[in-house]
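Hello,

Here is the structure I said I would pass on. My notes on the sheet and the helices follow below it.

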Amino acid sequence: MSEENNKLGRGLSSLFSSNNSNEKENLKHINISQIIPNKDQPRKKFNQKELEELSESIKAQGILQPIVVRKKADNSFEIIAGERRWRAAQIAGLHEVPTIVKQLSDSQVLQAALIENIQRENLNPVEEAKAYKSILSGNEISSENLSKIIGKSRSHISNIVRLLELDPKILEFIESGKLSMGHARALIGAPDAINLAKEIIDKKLSVRDAEKNTSKYKKSKNLNKTNKTNKDPNIIDLEKELSEKIGLKTSIQFNDQGSSGSITLFYSDLEQLDEIMKRLKK
């Protein structure tokens, strides 16, 4: 990890540390009207009932954990962490809230908001995927370093970002809780995925059943593609035999003379790639 990312990791850790000696110096009570939400906050949906329950707790005990903010040029304060508390404080009728003012870059703010939500398990898979993609697309941090900072595996990050390949309607099903991440992963690459998703919901299929259901369509799709290439039937049989042996889709290609060629193995996630590498090393 580079020195810059090391500093970033330490900075994010201190953001959520309750033992930071500078916090008392930075602690301020700010008028609630001066505080604005972060437009890039990963979490987009807030449960109204939970907010009302939190507001009752705030009325009884106050805000026990300060809201973390950064000062903007127009003398407003943008939330870095604690938007739920800020929203609940408004419901509770508070005029001021305790805050800790931090100086962070846009990238650090996004990562800090992501970490807070992940630590509290508040993000749905689509929100989490969009947050990862936003951070990685900034090119300021690699997937390996992001994995270390947030405590999630690289394969988890890769798999969840792939959900964004699905149709927006399916993403709505995930956000509303009608489909789990396991169901959604089974739909990636499946033809007519929206109708398959509706079938999963209507029939209340398990993830295993959904995987079996979609695999039939994926095999049919792959078979149609193979037929269109007019590939030698003997090569197709070899591909099928090899696929069954190793449990992965394979493709065998010969050059025009038929004297040499290549074998391609297809994997769907990093876990499968790790398994391939283990087998090759043996």
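In this predicted model, five strands form an open sheet with mixed pairing, in the order β1-β5-β3-β4-β2. The edges are β1 (27-31) and β2 (35-36), each of which pairs on one side only. β1 is joined to β5 (residues 96-101) by five bridges in the antiparallel sense. Within that part of the sheet, Lys28 is the residue opposite Thr99 of β5.

α4 lies across β2, β3 (67-71), β4 (77-81) and β5, and its direction makes an angle of about 125° with β4.

The other is α3, which covers residues 48-61. From first C-alpha to last, its 14 residues reach 20 Å, close to the 20 Å expected at 1.5 Å a residue. Which residues of α3 are buried? They are Leu51, Leu54, Ser55 and Ile58. Seen down the axis of α3, these buried residues fall within an arc of 110°, so they line one face of the helix.

α4 comes back in here, as it is part of what covers the buried residues of α3. On the face of α3 turned away from the buried side sit Lys49, Ala60 and Gln61, which are exposed. After α3 comes Gly62, with a positive phi near 80°.

Regards

Terms used:
Residues are numbered from 1 along each chain as its sequence is written. This is a predicted model: local features need pLDDT of at least 70, side-chain atom pairs count only at pLDDT 80 or more; totals for chains, interfaces and linings use all residues. Side-chain values use heavy atoms; hydrogens and water are left out. Two strands pair if DSSP finds at least two bridges between them. Helices (H or I, at least four residues) and strands (E, at least two) are DSSP runs, numbered from the N terminus. Contact means heavy atoms within 4.5 Å. Axes are lines fitted to C-alpha atoms, for helices over the stretch in contact, and angles run from 0 to 180 degrees between N-to-C directions. The expected span of a helix is 1.5 Å times one less than its number of residues. Buried means under 20% relative accessible area, exposed over 50%, partly exposed in between (1.4 Å probe, protein chains only). The arc is that of the directions from the helix axis to the C-beta atoms.
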